[in-house]
Amino acid sequence: MVWGVSASTQVIGAAAPAPTKPAKLDKRASGTCTFSGSNGAALASKSKTTCATIVLSALAVPSGITLDLTGLNTGTHVVFQGTTTFGYEEWTGPLISISGTSITVVQTSGAVLNGGGAQWWDGQGDNGKVKPKFFSAHNMVSSNINGLQILNPPHQVFSIDSVNGLTLSGITIDGRAGDTQGGKNTDGFDIGDSSGVIITGATLYNQDDCIAVNSGTVCYCSGGHGLSIGVRVKTVSGATGSVNAVTYMSIAFSGITDYGITGNNDPRTTTSGVPITKLILNGVTGTVNSGATNIYVDCGSTSSCSGWTWSGVSITGGKTSSSCPNIPTSGGAKC
């Protein structure tokens, strides 16, 4: 394990003849700190505010422990190197948690975040064994997460909440092993109570939603690939709030087993109490299996879905819905 910290402080006192206490200035993080091995997670969490760049090299995060990088200094860079692993324990997680303003999270070539999902997979998803969520990106402002390679997540991957301006680009989530080993409810991106979320160039292999927008405004998705459900916007029965100004653009998928595009809830209805407005789909294409459904939308009322604009949408290979209640067709949306 190698780690280093450097910081500087400046203290300025008042002139005589009336001495006062020195002015108190914040310590400012500087330099690069590198953490590795089984105690690297604890050291990184302890020293995170003293480093301008945090390098996480082949971490072995102990069981039941979160790699806690919340409350980072503005402008901190986080770099994953090598293979990061996580010890097994039945708990809710998350395995990684990051928050802050103007944060950049990247990895070096060949790095992998290996969730070891097979240890938890039991075919029961949210039930059965208690499974940790993977990556908490909460309270991030004007930040970027780029190029991460995530392998075999135990459960949901990215939880994005209370965010204002977050771009996730070039992320790969590879849970293909879960297709035959009991993976379930391995959502790629769950977004709630956020604005300015951009997901671009994502590649996902999982056993649930690629992207689930639970709440938020101005969310954008480009270039996604998924296996279970291609594009899904869902609301929860009896909840309040809205889903507004969500864009899915330039997405191609294949081998979908459930729905190519769906706007629904569990999977029957979207409630009239949670409107879905200004839903834009542009250049969304793909194929689904013969037993799947190309597109299915069920809006609770004519007022619960409005202002939708769809163009360049083509989903083939599966069944065509005989009815899509209350879908707003004026902007090109259709089943």
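Guide: Buried means under 20% relative accessible area, exposed over 50% and partly exposed in between (1.4 Å probe, protein chains only). This is a predicted model, where local features need pLDDT of at least 70, side-chain atom pairs count only at pLDDT 80 or more, and totals for chains, interfaces and linings use all residues. Residues are numbered from 1 along each chain as its sequence is written, and side-chain values use heavy atoms, without hydrogens or water.

Visitor: Is tryptophan 120 buried or exposed?

Guide: Tryptophan 120 pairs with tyrosine 88, their ring centres 5.0 Å apart and their planes at 45°, a tilted arrangement. Tyrosine 88 is partly exposed at 32% relative accessible area. Tryptophan 120 has 0% relative accessibility, so it counts as buried.

Visitor: How far apart in sequence are the parts that tyrosine 88 and tryptophan 120 tie together?

Guide: Tyrosine 88 is in the loop between E7 and strand E8 (96-101). Tryptophan 120 belongs to the loop between E10 and E11, so the parts tied together are separated by 32 residues.

Visitor: What is the angle between the planes of phenylalanine 86 and phenylalanine 134?

Guide: Both phenylalanine 86 and phenylalanine 134 are buried. Their edge-to-face pair has its centres 5.5 Å apart, with the planes at 70°.

Visitor: How many aromatic pairs does the whole structure have?

Guide: Rings of Phe, Tyr and Trp (its six-membered ring) pair if their centres lie within 6.5 Å; planes under 30 degrees apart are stacked, over 60 edge-to-face, the rest tilted. Ring pairs also join Phe135, Phe158 and Phe189 in a cluster. Across the whole structure, the number of aromatic pairs is six.

Conventions:
Helices (H or I, at least four residues) and strands (E, at least two) are DSSP runs, numbered from the N terminus.
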